[in-house]
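Work through the exercises below with the sequence and structure in view. Each task is followed by a solution in steps.

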Amino acid sequence: MNDVAPAFTYAFAASPCGGLRTAVGGTDVTLRASGALWLEAARILVVADLHLEKGSAYAARGQMLPPYDTRETLRRLAAEVAATAPAAVVLLGDTFHDRKAEGRLSAADAGALVALAEGRRLVWVVGNHDADGPRALPGETVDEIRVEGLVLRHEPQAGAQPGEVAGHLHPAARVVAPRGTVRRRCFITDGERVVLPAFGAYAGGLNVRDAAFAGLFVRPPLAGALGDRRVRAVGWRQLAGD
Amino acid sequence: MADAAGSPADLLPQRFRDWFAGRGWAARSHQLEMVAKARAGRDALLIAPTGGGKTLAGFLPSLIELAERPPANSPRGLHTIYISPLKALAVDVERNLGAPILEMGLPVVAESRTGDTGISRRQRQRVKPPDILLTTPEQLALLCAWEGARLYFENLACVILDEIHTLHASKRGDLLALDLARLQALAPHMRRVGLSATVDDPEVIKAWMASHRGVEVVGGGAGSSAPSTTSWSSSPVGTGEELAAPTSPVPPPRAGERDHEVVEGALVSHRSIDLVRGPGGAQPIVDLLLSEGRVPWAGHTAQHAMAEVYEAIKRARTALVFVNTRFQAEFAFQELWRLNEDALPIALHHGSLAAEQRRKVEAAMARGGLRAVVCTSTLDLGIDWGDVDLVIQLASPKGASRMVQRIGRANHRLDEPSRALFVPANRFEMLECQAAREAIAENRLDGDPPRVGALDVLAQHVMGCACSEPFDMLALFDEVRSAGPYRDLSWEDFEAVVDFVSTGGYALKTYDRFRRIVQLPDGRWKVRDLNVAQRHRLNVGAIVSPAMLSVRIATRRGQGGRKIGEIEEGMLEMLDPGDTFLFGGQVWALAEVTNLDVLVRPANDRDPKMPSWGSSKFALSTYLAKRVRQLMFDESHWKVLPTDVREWLELQKDRSLIVSEQELLLETFPKGRRNFLVAYPFEGRLAHTTLAMLLTRRLERMGVGPLGFVCNDYALAVWALEPLDGLDFGELFAEDMLGDDLEAWLSESFMMKRAFKGCAIIAGLIEKRFPGEQQKTGRQITFSTDLIYDVLRRHEPDHLLLRCARADAATGLVDVARLGDLLARIKGRIRHIALDHLSPFSVPILLEIGKERSPGDARETILAEAEEDLIAEASQ
């Protein structure tokens, strides 16, 4: 390796839907404004960290957060499915907030999940919050899935992982400008791998400057911050810690 | 009054008379009157200027009762609770009260209890209460949420509320009023005593502090939808004087004995409050400082006059220099140090400095070791500093009452006038200073309007009651409605609040099994378990402060060293690493921000980069604004103004217009490639900002794309590429903008989110120390209340907390009420003039451009600009 690394230029372009087209490990992907990843060639929609029933998990501990988070998350997911008509939906782990969450689902919300599997593959990649996958709901349960040169798994693995698509870290970007500060969920990618933002309505965000992201990227990564109906590409130097 | 109240011989026991005589004093008439009121078992509000022996007047009856009661073998519980808005004031009063107790050898224990009191002392106070407890509203709320509250307070004879005028019109005031109702229920004989500085409308405070109890309906006229057996007085205001107590000492009334009056066919009752007035102080002398007779066009710092301010400090014994913001405090302090050739001891005091540093300044001040303190509203209240002989107000006073309070800090002796010096920073401020001087001279003050108790605060209180002991819903409803701010509370709202406390109050009833309060077989409600109660007690209080970050000096290894203070997160957002800023009177460079620490290094920069900073967090008071408009319109009045300001007004009259007090002046003119619309409502920055946001929405719809706007306390300017002269201004300023436009804008605005967060914390939906998600690595994932807000707004837009947030945003954050009054006032009274170029009045506001905000979603713009930067970098 040379002392002076050649400057890396990211290739990215806005897509008509407000998303951002870029490549991960040589495969074309679209980062959608909803926080979903769209693999057009394979017609696969990937969403990470839905954390369904987080509200009721808090309520059980005495904090009565509005009980509409599952409904809201599934509404957003249904809108993405309607917009992309995917052949498969991949839930990239931590779909449920905890192991008992499936049992707390309302009938309507469970119905929405069943509907999601109709006419397409529904793949549950398991995560740390939901290691066993669903009990009664339809779909395949897997640890990871390989498609089009990409590997889709919940938690990013240490070291070089070309083509890895993961969630788990809930990346968020903080952009500081003289007129104010914006903190948004974001995709984060170095062109080799990508970490997806959490899709769940109550899922929080972890600043990409946090040590948890250190060592994942071979070069200063690019953030795809979720703006209002658009994904905004933001360079590493523009990003601030919390 | 003293004769009416009774002579000292009747009212004061021998050792009290001896004590007064020994100090060469005579008991003042209002002090004796307070003793007489207590003998008669009456609630009383004492209004007296600072320095009038007000605090002693409040305590004297309690001291006498305690001195005269027979010895007892067992502990008797609390006799008197004193509530102060400030921790420091509670501690100070503890010290001051020590003197008479010690000198008369009274068998009385008086102790303070604040958030800073040590755990062992607090525990002892719980087991063995002092006779007199000096504390804050937050601590009182905590005591009321104790399991043993009923026993603890059963012998309480008196509650004293100090500086009541600063408390009542706020959420803290709501909480305090509810706790008063609770105390009264636990101790029916308890007397209420309020102490207040001069206020414009004592009736508002009396209505706030009175107990509004009801009795059986006789005529059946008063309407209440409550399934309660009682009816209520909807307006106790104005009944106090007529029902004043007998003027000679009488035995205390039996419990439950009340005043009666007939209102609208129903027999209602309440315990009215007797008003006691202290002597009027000497008229303050307020001067204006004009630097070389000139007033600058614009600006907020009064930098031009600092040399004269320094001279004034030199001539005074001790001066308090008040400013309106922390930034101004830092700036003024640095300017004074630069001028300080005589090395005068001058200090700085504001809310961001480390508590230890503030205590040091206060101690030095108390010793008489300082010549001046530059301070913000942190020193508006309280602690008695006898040596202050001059109060300097830098920049605009914003309100007459605030100024009276500040001026009262000078010279705590009644017979000598307080001296104050106003230093206007610009020409509109000059008008404001003059209006304030005249208002003070006429003793006309601006008052807070009465407020309706907030439901998020009520939710906290209901939870506190359930933590203390099981409650009956009907009885609690009656109790809550006896509190002034909640006297018109509907049963429906109360039920909604109880449902919220129990399950979150959602239309989707999925949380019934997780109830935080549960119903006993007898129908009463109690907290589910100890854990829920404990968590409630950790989060009691009604002050939600903005996120604060510690400022620490960076060590060589780049870690956090000594803490020098705290700053609000918002201020930090204007700084990048390497930027220099003033803090604690020194210039620092921002090194790094880590978690909750801001690391800084000393910088040698004499001219720190200053973040743009709002002129004041206090809005110009409605009353003072009106006086400014009157002053401007009345040409004969201009002669009191300095020459350059007078010439400026005359030039404005010549080139543009001067309109009458009820009218609104609108100017349109081109400047550069832009076209401006400038309006002069004089209603304060907050109302102007809201107005400007709504105007730009309308202008956009009219097809005149506005490019930006800027507001100050006096005016607002909007600019566009297209000319703005031909518009229908009556239509543009029509009152209906407060309907859908406001609703649509507000629900998207960050202000609603901020208001929602505050309400969610107070109501206990989320906890102040929100348990962040601890992941395996121990990292904190920030879980923003914005997410909750977004979900709730979509799925249950009428939820109780959204109603609370809307009410808060409309009053505190965007001043909708004031905007509504403005639009009503100017309807059909808009005077528009199309000019060729800018007017004399427009200069100050145009000079503020640069701080402008663009209409539309500024935050999207920030992201878009970040993206553009990246693109520019990539295409180099």
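Two strands pair if DSSP finds at least two bridges between them. The model used here is predicted.

**Exercise 1.** In which sense do strand S24 and strand S26 of chain B pair, and over how many bridges?

Solution. Locate S24(B) at residues 674-679 and S26(B) at residues 716-720. The two strands pair in the antiparallel sense, over 5 bridges. For one position, take Leu677(B): its bridge partner in S26(B) is Val718(B).

**Exercise 2.** Give the strand order of the open sheet in chain B and name its edge strands.

Solution. The sheet has 5 strands, ordered S25-S26-S24-S23-S29, with mixed pairing. Its edge strands are S25 (706-711) and S29 (830-834) of chain B, since each pairs on one side only. Ignoring direction, neighbouring strands of this sheet are turned by 15° against each other on average.

**Exercise 3.** What span should helix H5 of chain B have, and where does H5(B) bend?

Solution. H5(B) covers residues 54-68, which is 15 residues. The expected span is 1.5 Å times one less than the number of residues, so the helix should span 21 Å. Its end C-alpha atoms are 22 Å apart, which agrees. The helix bends by about 35° at Leu60(B), and Pro61(B) follows within four residues. Both Leu60(B) and Pro61(B) are among the buried residues of H5(B).

How values were computed:
Residues numbered from 1 in each chain as written. Chains lettered and ligands numbered in written order. Predicted model: local features only at pLDDT ≥ 70, side-chain atom pairs only at ≥ 80, totals over all residues. Bend = angle between axes of the 7 residues up to and from the residue. Buried ≥ 20, exposed ≤ 12 C-beta atoms within 10 Å, placed from the backbone. Axes fitted to C-alpha atoms, helices over the stretch in contact; angles between N-to-C directions.
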